[in-house]
Amino acid sequence: MSKANVPVLKTPVPKRRGGRKIKIILMLLFISLLCVLFFRSSLSKISVITFEGNEYIMNEELLLASGIEVGSPFFAVSSEQVARRLEEIPAVQQATVNKSFPGNVKVLIEEYPIAAYKLTADGALQGLLANGTRIELNGSMPVDKPLLTGWEADEETLAKLCLTLSQISDELTADISEIVPSPTLSYPDRIKMYTRSRFEIISAVSLLAKKAGYMNEILQAQDPGRLTMLDADSYVPYESLENGNDGENDTTHE
């Protein structure tokens, strides 16, 4: 018998992978080149910075405090960090920074509200914000907030008063025309308030928030007179005061 011819199997030749590696390297180099070109272009820079909501603080002051400027790297700017820097400005209550590509940075500023006004020694008008910060104002004084006089020494009590005034109703603060300090041993933070409705009110900074609602009710319901609102409350119309009854007890008597 003759033997059948068995075909010889060829040993597989390993494929070269050098071409694939070169393609990957070239692709990475191309991507790196694009990144370099992008970060050197104007597209990667801040092109516009806008501030909204600020009434008392100039844009130039906000821009300086923000630590950024047109031309700064867009992607290197942290919105949270910029907001924290702006909130270090005494008049800024809250800052919100929004970034939108390409190159736009929009900053929303919320300032502390004005709680009262004050005239300086040279007659300039200052606004006192809710946290006690003083800002310079131009023009005539609005009539929607009280004028504070005689507060040169006690800055701590003044700051507490501004905070309290910002928390009570606009209806009441709009009626109060002037507030002066009137401390006693019993009430170091005692104050006198004069209203546009012709009331004289004696109270204390520490009690004002608690008494504000009841105080406003009396101003609306009673004839003008002297209203004392301390630990004990009293009301005396001006007619009785003219007859010799001043309505002040020993703890509040000047």
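Is Ser-44 buried or exposed, and at what relative accessibility? Ser-44 counts as buried, because its relative accessibility is 2%. The points below take this predicted model piece by piece.

1. Start with the loop between α1 (18-40) and β1 (48-52), where Ser-44 sits. Now look for Phe-101. In sequence, Ser-44 and Phe-101 are 57 residues apart. In space, their C-alpha atoms are 8.7 Å apart.

2. **A cis bond at Pro-102.** Stay with Phe-101. The peptide bond that joins Phe-101 and Pro-102 is cis. Its omega is about 5°. Pro-102 belongs to the loop between β2 (92-100) and β3 (104-111).

3. **The whole chain.** Step back for the overall picture. The protein chain has 7 helices and 12 strands. It holds 254 residues, and 36% of them are buried. Take the contacts with a separation of 6 or more: residues 24 or more positions apart account for 45% of these. The chain exposes about 16100 Å², and carbon and sulfur atoms supply 55% of that area.

4. **Confidence.** The average pLDDT of the chain is 84. A score of at least 70 is reached by 81% of the residues. Residues 249-254 are another matter: there pLDDT stays under 50. For that stretch the model has 14 contacts beyond four places in sequence. Read those contacts with the pLDDT under 50 in mind.

5. **The sheet.** Trace the open sheet of 9 strands next. Its order is β6-β5-β4-β7-β8-β9-β10-β11-β12, and the pairing is mixed. Which strands are at the edges? They are β6 (134-137) and β12, each of which pairs on one side only. As background, strands of a sheet pair through backbone hydrogen bonds, either parallel or antiparallel.

6. **Two antiparallel pairs.** Strands β8 and β9 run antiparallel and are joined by 5 bridges. Here Ile-176 has Thr-195 in β9 as its bridge partner. Strands β11 (residues 225-229) and β12 (residues 233-237) also run antiparallel, with 5 bridges between them. Thr-228 stands opposite Ser-234 in β12. A hairpin of 3 residues links β11 to β12.

7. **Ser-182, between two strands.** Follow the chain out of β8. Ser-182 lies in the loop between β8 (176-181) and β9 (190-195). How accessible is Ser-182? Its relative accessibility is 9%, so it counts as buried. The side chain of Ser-182 makes a polar contact of 2.6 Å with that of Arg-190. Ser-182 and Ala-204 are 22 residues apart in sequence, yet their C-alpha atoms are 8.9 Å apart in space.

8. Go on to the loop between β9 and β10 (200-204), which holds Arg-198. Arg-198 is not a glycine, although its phi is positive, at about 75°. Why does Arg-198 count as exposed? Its relative accessibility is 52%, and the cut-off for exposed is over 50%.

9. Look down the axis of α3 (residues 79-86). Ser-79, Val-82, Ala-83 and Leu-86 are buried in this helix. What covers the buried residues of α3? The cover includes α2 (59-66), β2 and β3.

10. **Thr-173, a buried residue in a helix.** Finish in helix α5 (residues 170-175), the place of Thr-173. Thr-173 counts as buried because its relative accessibility is 1%. A polar atom of its side chain lies 3.2 Å from the backbone oxygen of Asp-170. Which residues does Thr-173 contact, leaving aside its neighbours within four places in sequence? They are Asp-144, Lys-145, Pro-146, Leu-165, Ile-168 and Arg-196.

Technical notes:
Residues numbered from 1 in each chain as written. Predicted model: local features only at pLDDT ≥ 70, side-chain atom pairs only at ≥ 80, totals over all residues. Heavy atoms only, no water. Helix = DSSP H or I, 4+ residues; strand = E, 2+ residues; numbered from the N terminus. Buried < 20%, exposed > 50% of the residue type's maximum accessible area, 1.4 Å probe, protein only. Polar contact = N/O pair within 3.5 Å; in protein donor to acceptor, adjacent residues only side chain to side chain. Pairing = 2+ DSSP bridges. Contact = heavy atoms within 4.5 Å. Areas by Shrake-Rupley, 256 points an atom, 1.4 Å probe, with all protein chains shown as cover. pLDDT = per-residue confidence, 0-100.
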